[in-house]
Amino acid sequence: MVYKESITLMNEYQITTTPRHHQLTNINVWTPDSQWLVYDVRPQGASFTGKTIEKIHVNTTEIREIYRGTAGACVGVVTVSPELPVRYAFIRGPLNPDQQWQYDFHHRQGVIVSDDVPGVAHNIDAFCITPPYQPGALRGGTHVHVFSPDGEWLSFTYNDHVLHERDPALDLRNVAVAVPLHPVCSGKHHPREYDGEFFC
């Protein structure tokens, strides 16, 4: 359940009674007008199995779906841009996951959905795991995408697939930044590689 404290009334009231989990990210969960809270709906709490990104209006309690995962991909950990039109950045797990390629720290990507085009996700990071590695593309998965105060750049944590395959002990959590210089093409020499709209 999600609660909001009323400054004028100085008491709490419940804004949703939907019987499921509502996972708030630890930063940037309010829309710029402070009227909507964004969240994901991982049904088992910590397990990454949620199918939708949603927002709820804190006064009217209206719920809107921002994005629904497709092709077996789960979604979660959403943050909001500080400017209009509002954009939402979040994790998407692998499309069409299989026995060899499941959700993991090094197998997830960042995507953005805008209020201008609801339901349509754009890749933040490009993914390239075949040498020679593409400048601006990443070799692993991203997490907790946070917009800069002007809404132009994103910071996030990062885990490297190539190092994980070599030795999981080498796959240390790192941080990275996505900059809107130009789109990055991965080369697609591996079936799991994809392009991104930011240079990382």
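Val-144 counts as buried, because its relative accessibility is 18% and buried means under 20% relative accessible area, exposed over 50% and partly exposed in between (1.4 Å probe, protein chains only). Val-144 lies in strand E10. Helices (H or I, at least four residues) and strands (E, at least two) are DSSP runs, numbered from the N terminus. The phi of Val-144 is near 50°, a positive value in a residue other than glycine.

The model is predicted: local features need pLDDT of at least 70, side-chain atom pairs count only at pLDDT 80 or more, and totals for chains, interfaces and linings use all residues. Residues are numbered from 1 along each chain as its sequence is written, and side-chain values use heavy atoms, with hydrogens and water left out.

Strand E10 belongs to an open sheet of three strands, in the order E10-E11-E12. The pairing in this sheet is antiparallel. Strands E10 (140-147) and E12 (174-178) stand at the edges with a single partner strand each, so one side of each has no neighbour in the sheet. On average, neighbouring strands here are turned by 30° against each other, direction ignored. Such angles are taken between axes, which are lines fitted to C-alpha atoms (for helices over the stretch in contact), and run from 0 to 180 degrees between N-to-C directions. Two strands pair if DSSP finds at least two bridges between them. E10 and E11 (residues 154-160) are joined by six bridges in the antiparallel sense. Thr-142 has Tyr-158 in E11 as its bridge partner.

Strands of a sheet pair through backbone hydrogen bonds, either parallel or antiparallel. A further open sheet of three strands has the order E3-E4-E5, again with antiparallel pairing. Its edge strands are E3 and E5, each of which pairs on one side only. The twist averages 20° from one strand to the next. Five bridges link E3 and E4, and five join E4 to E5. Glu-54 takes part on both sides of E4: Tyr-39 stands opposite Glu-54, and Glu-54 stands opposite Glu-65 in E5.

E4 and E5 form a hairpin with five residues between them. Thr-61 sits in this turn and has a positive phi of about 65°, although Thr-61 is not a glycine. Thr-61 counts as partly exposed, because its relative accessibility is 37%. E4 itself is mostly covered, with six of its six residues buried. In a regular strand the side chains alternate between the two faces of the sheet. Thr-52, Glu-54 and Ile-56 are buried on one side of E4, and Ile-53, Lys-55 and His-57 are buried on the other.

Arg-87, Ala-89 and Ile-91 point one way from E7. Tyr-88, Phe-90 and Arg-92 point the other way. E7 pairs with E6 over four bridges in the antiparallel sense. In that pairing, Val-75 has Arg-92 in E7 as its bridge partner. E7 pairs with E8 over six bridges, also antiparallel. There, Arg-87 has Ser-114 in E8 as its bridge partner.

A hairpin joins E6 to E7 through six residues. Pro-85 is found in the loop between these two strands. The peptide bond from Leu-84 to Pro-85 is cis, with omega near -5°. A cis bond also runs from Pro-131 to Pro-132, with omega near -5°. Pro-132 is placed in the loop between E9 (117-123) and E10.

A nonpolar core is a set of buried Ala, Val, Leu, Ile, Met, Phe, Trp, Tyr and Cys residues joined through side-chain atoms within 4.5 Å. The largest such core has 19 residues. Those with the most contacts inside it are Val-38, Ile-53, Ile-66, Tyr-67, Tyr-88 and Phe-90. Strands E3 (36-40), E4 (52-57), E5 (63-68), E6 (75-80), E7 (87-92) and E8 (109-114) each supply at least two residues of this core. A second, separate core has 11 residues, including Ala-89, Phe-147, Leu-154 and Ala-176. Contact means heavy atoms within 4.5 Å. Ile-66 touches, among others, Val-38, Ile-53, Tyr-88 and Pro-118, not counting residues up to four places away in sequence.
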